[in-house]
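Biologist: I would like to learn how to read salt bridges in a model. Can we work through a case?

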Amino acid sequence: MTRTIPSYSWYVLGVLFAVNAFNYVDRQILAILQESIREDLDLSDTQLGFLAMGFSTFYVVAGFPIAWWADRGVRRSIIATGIGAWSALTIACGSAQNYVQLAVARFGVGVGEASAGPAGGSLLSDYFPPERRSTAFGILSIAVHVGIFLGFALGGWVAQAYGWRQAFLVAGAPGILL
């Protein structure tokens, strides 16, 4: 017999869903904006590739100490700190005046985003019993696709209408509120 899940557990899942979706909006937005950024900042293909590779490297490397921290710290605070950092740094990407500023901001986004997975998964396990976790994690995983869709659709629309810098602002601002 399965236990009834308290409504607060569903609330936690909803918040983590939003965090995960915005994680992917901020992660994917560079892909849709890269041609506009290339033209404005006069970047090479190598520089654009390094932005993506550097982001991934910082994300992976930061994930280990953040996972260790999530085992010992207050996971809700770790997630809040991470989303605040990656959202502010996403906004900072829109203010970049050169390649180095953009790279530093993007690499910082990677570090901030590394908080969502370990701390979020661990936190979700506290609110759902083992027999219901697959449902909770399945719902949480849908946020990845929602975030990618929003990053591309919203990022492309805002960039076309208002410019690539505004697209970073629009992508980062909801995370600050969240």
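This is a predicted model: local features need pLDDT of at least 70, side-chain atom pairs count only at pLDDT 80 or more; totals for chains, interfaces and linings use all residues.

Biologist: How many salt bridges does the structure hold?

Modeller: There are five salt bridges. One of them joins the side chains of glutamate 35 and arginine 38, at 2.9 Å from N to O.

Biologist: Where do glutamate 35 and arginine 38 lie?

Modeller: Both are in helix α1, which covers residues 7-41. They are three residues apart, about one turn of the helix.

Biologist: Which residues are linked in a network of salt bridges?

Modeller: The network links Glu35, Arg38 and Asp45. Arginine 38 also has a salt bridge with aspartate 45, and their closest N and O atoms are 2.3 Å apart.

Biologist: Is aspartate 45 buried or exposed?

Modeller: Aspartate 45 counts as exposed, because its relative accessibility is 55% and the cut-off for exposed is over 50%. Glutamate 35, at 41%, counts as partly exposed.

Biologist: Which residue forms a salt bridge with aspartate 40?

Modeller: That is arginine 165, with the closest N and O atoms 3.0 Å apart. Arginine 165 lies in helix α7 (residues 164-177) and aspartate 40 in helix α1, so this pair ties together parts that are 125 residues apart in sequence.

Biologist: What is the relative accessible area of arginine 165?

Modeller: The value for arginine 165 is 25%, so this residue is partly exposed. Aspartate 40 also counts as partly exposed, at 42% relative accessibility.

Notes
Residues are numbered from 1 along each chain as its sequence is written. Side-chain values use heavy atoms; hydrogens and water are left out. A salt bridge is a side-chain nitrogen of Lys or Arg within 4 Å of a carboxyl oxygen of Asp or Glu. Helices (H or I, at least four residues) and strands (E, at least two) are DSSP runs, numbered from the N terminus. Buried means under 20% relative accessible area, exposed over 50%, partly exposed in between (1.4 Å probe, protein chains only).
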